[in-house]
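Okay, everyone, thanks for coming.

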Amino acid sequence: MSLSTQPNDPRRDDITQPTLGTLGLLRFGWRQLTSMRTALFLLLLLAVAALPGSIFPQRSIDAVRTADWIARHETAGPILDKIGLFEVYAAPWFAAIYLLLLVSLVGCVLPRSKIHWKAMRSQPPKAPKRLERLASHESVTFDGTPDEVLEDVRAALRGGRFRIHSHDATTVSAEKGYLKETGNLFFHLALIGVILGMAWGHLMGWKGDVILPVGETFANTAARFDTLNPGPLVDTAAFAPFTMKLTKFDAVFETDVKGKGQFGSPRDFTAHVDFTKEPGAKVEKRVIRVNGPLETGSGTAFLLGNGYAPHITVKDAQGKVTYSEATPFLAQDNNYNSVGAVKVAGAGPAGKQLGFAGLFLPTAVLDDQGPRSVFPDALEPALALSAFEGTLFPGGRPQSVYSLDTAEMTQLKNKAGTDLLRIWLTPGQTYTLPGGQGSITFDGVERFAGISIRNDPGKELTLGSALVALLGLILSLTIRRRRLFVRVSPADEEGRTVVSIGGLAKDDDEGMGEQLEGVLTRLKERRT
Amino acid sequence: MTHETMANYANLSLYSAMAVLTLSMLGYAAYLAGWLPTRDAAATSVGAEVAAEDRELVSAGVGSMSGGVAPEAGVSTSTTSEVPLRARKAGGIAQTLALLGTVLLFASAALRGWSVERWPLGNMFEFGVAASLFTMMVFVIAGTRRDLRWLGVFVVAPVLILLGLANTVWYTEAAELMPSLKSVWLIIHVTVATISVGLFAVGATVALLYLAKDRFGETTGGFRVLRALPDSRALERFAYSLHIIAFPLWTFTLIAGAIWARQAWGSYWNWDPKEVWTFIIWVVYAAYLHARVTRGWRRQSASWVAVAGFACIIINYAVVNVYFVGQHSYSGL
Ligand code: HEM
């Protein structure tokens, strides 16, 4: 006799097909897929398949680093790319594994649910003939007739929260721990809920990122985002029309502790915004912090990054302003060594466009190690730039705003023409370009906030399911399924009764004996 | 008291804990060694501290005179009351020192937290100390319910190695946290994660001892220490019971981490390397629980899956935290 309600019970294996026709093959395949061994294999496979995504850069997380990696590994890069190692979690083979696992799960759990449903409503099975054969077993003799004793046996079992049933006049069958299987089934079913929630979020959710320098305003329309990733079913025209203006950005860095790895570490970032729920609504003062997002009513605004946007002005030879913007530079490390580019799209002399690329250094030093920043706060800001002329957007290809595509540009030389031109500017300084190309001015520096706005309508389903799964898991792992059988028979002496009690549990149930003792103790208490 | 003095006291407490635990480990080793002579009735003359070479000599002796003696040795294995007085003394001292070491570790973590006015789980060094603390707590608490003196040396020694690493390679000065770590979810998520790591650590140790005992326990060769352990079925069951406490806690860690990820980074799952590994660990342990009840899988193979799970935990902490680029860059290195 087995306590198990698993579909791989031997009973099920008895269904043999006389000839394996197509149907037979299908049935065979289905049984294989929904077997415990396959589930185990798929689980281990899933663990292995998830691995490369933590080793190789992933396009969905950091496209730049991924492209960089592929470029640096000329032979391996494209091959690995082809088999999806840079998009592991969107790769077909990864999906195949978890979808198979899901099918296996459903195919395994639904029949189990049915069996368990029946088991919960049926009575504990008949007692085996020879109770002394069971792993835990005991016989005790009590005063009283078999009927009297049996009545107390029932009470003692009920006291142990067993469900009881008598199939005949001299035995009681008792069972408890149905919640174990219930919990287990809820756990497995809830995993499906988690996946559904994720899928829903993927289809109906969206996320957009925007870099917002202090003083500028963001309006929540698809076009205003620097990058926008809407799910396949998202109507990007229907975004709620809120706006927010970044009025102030606070950044605090560690200055007290000088130890390794701590000095200069970020300590607090706060973005102060003027939030307007919809055009015409009143302006609300809000803050967005790391760990403290702002609910906008259409997506949640998170503060995910920050950096510096030096304000740069470029004038042509006539003194006409051709470029004047707060230009975000992207921080590369903890000291905010930041890279960026200035693209003066208007035509320069002789139809040539001007471009500048280089570094922004919040606390700049210039020594034999080259220009670099030694602290993340803007204590001694400086710009270190090179200048180029030519075509800024060769072939109209999309390119990063933080770098120049210099394929069709030439780098300018210094006034003497002996060396490449290097421009070093501190706030307020202007540099006049050689050859009547005009001038470039570093007006001052602002901070920018990297804001990400995200909407995920599936998250509640995922969270709810995950919590149900956790609860089910706890039930499944802590509760024990146990059966006890009791038989009474008249003893040799007059007026005495032998109580035989045997317990059935899964092989490594250390507590079974205790259960049995518990029932006997309660029985003894009643008989004295 | 200034923050710096507090941090210094924290370190002092840590060094004391390491010293005390070293003594405790020696006590447990003496306990195991002291066991052996009674188990091998033939070797009564051997003292508590059996040197490695001696041990080989002794076991060779046992082998040559097997016959009549071995069955008696078998009988004595079943009763713990046979533990000789010296071993019992060593074991008792080791137990007390293990408790003291745990208290000192706790004090160290508490003082560190006090000195920085935050939960002391913000960098690799603090993880190391906390993981040691919880591993010791699991061992001490489990030890109140059953006799675990045989396990002591196998838990305390790795804990000492971990503390050594934390103190040298991973040491980070006491300081505040970076913004993404300032959250109650740090306390919830990381603390529960570290508690389950403690449980998994003891679980993996017991699983390995089970595998060793199962494989070499019956040989008369150089692995006689294994005979001082409980029988292999009991070991396997004990390992399982630790894992089924740890697994729901790890599941909770995963969920709490996702909630926090949404607070801090905007989306509850980003396939960040650290998340990937947390997930891999979860899946491997789920596979362990499955393997244990899958027909055609032996308990030994299932136990290897559990050991693999712990290997993943080690990788997650020692490699992923330090070398993999991701949003979880808080190792403080
Ligand atoms: C998404 C993948 C799955 C995960 C994460 C998972 C996880 C788990 C966990 C953690 C347990 C432990 C509960 C316990 O030991 O009582 C368990 C038990 C179980 N799982 Fe799964 N499971 C998965 C898929 C499956 C599939 C596909 C099947 C069917 C073939 C299955 C059948 C079972 C059975 C029968 C048990 C009960 C074991 C027992 O305690 O007797 N699981 N599962």
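Let's start with a question: in which hand does α7(A) cross α9(A)? Before I answer, please keep in mind that this is a predicted model. And the answer is left-handed: that's how α7(A) passes α9(A).

So how do those helices sit? Helix α7 of chain A covers residues 92-121, and helix α9 of chain A covers residues 178-204. They pack at an angle of about 150 degrees, and their axes are 10 Å apart. Angles over 145 degrees count as roughly antiparallel, and therefore that's what we call α7(A) and α9(A). On the α7(A) side, the residues in the contact include L102(A), L105(A), R112(A) and H116(A). Over on α9(A), they meet a set with Y178(A), E181(A), L185(A) and I195(A) among them. By class, the contact of α7(A) with α9(A) has twelve nonpolar, five polar and two charged residues.

Now, α7(A) has another partner I want to show you, helix α3 of chain A, residues 36-50. The axes of α3(A) and α7(A) come within 10 Å and cross at roughly 155 degrees. That makes α3(A) roughly antiparallel to α7(A), and the crossing is left-handed. Who's touching whom? From α3(A) we get, among others, L42(A), L46(A) and A49(A), and from α7(A) residues including W93(A), F94(A) and S104(A). The contact of α3(A) with α7(A) has 13 nonpolar residues, one polar and no charged ones.

Over to chain B. Here helix α7, residues 184-216, packs with helix α8, residues 232-265, at about 155 degrees with their axes 7 Å apart. So α7(B) is roughly antiparallel to α8(B), and their crossing is left-handed. The contact of α7(B) with α8(B) divides into 29 nonpolar, eight polar and three charged residues.

Back to chain A, and zooming out a bit. The domain assignment gives domain 1 as 26-117, domain 2 as 124-177 + 480-527, and domain 3 as 206-455. The C-alpha centres of domain 1 and domain 2 of chain A lie 50 Å apart.

Last item: aromatics. How many aromatic pairs turn up over all chains? A search of the whole structure finds 32. Take W206(A) and F239(A): their ring centres are 4.1 Å apart and their planes at 20 degrees, so the pair is stacked. W206(A) is in strand β4 of chain A, while F239(A) is in the loop between β6 and β7 of chain A, so the pair ties together parts 33 residues apart in sequence.

Definitions and conventions. Residues are numbered from 1 along each chain as its sequence is written. Chains are lettered from A and ligands numbered from 1 in the order in which they are written. This is a predicted model: local features need pLDDT of at least 70, side-chain atom pairs count only at pLDDT 80 or more; totals for chains, interfaces and linings use all residues. Side-chain values use heavy atoms; hydrogens and water are left out. Axes are lines fitted to C-alpha atoms, for helices over the stretch in contact, and angles run from 0 to 180 degrees between N-to-C directions. Helices (H or I, at least four residues) and strands (E, at least two) are DSSP runs, numbered from the N terminus. Angles under 35 degrees count as roughly parallel, over 145 as roughly antiparallel, 65 to 115 as roughly perpendicular and the rest as oblique. A crossing is left-handed if the near helix is turned anticlockwise from the far one by less than a right angle, and right-handed if clockwise. Contact means heavy atoms within 4.5 Å. Ala, Val, Leu, Ile, Met, Phe, Trp, Tyr, Cys and Pro count as nonpolar, Asp, Glu, Lys and Arg as charged, and the others, Gly among them, as polar. Domain bounds come from an automatic or database domain assignment. Rings of Phe, Tyr and Trp (its six-membered ring) pair if their centres lie within 6.5 Å; planes under 30 degrees apart count as stacked, over 60 as edge-to-face and the rest as tilted.
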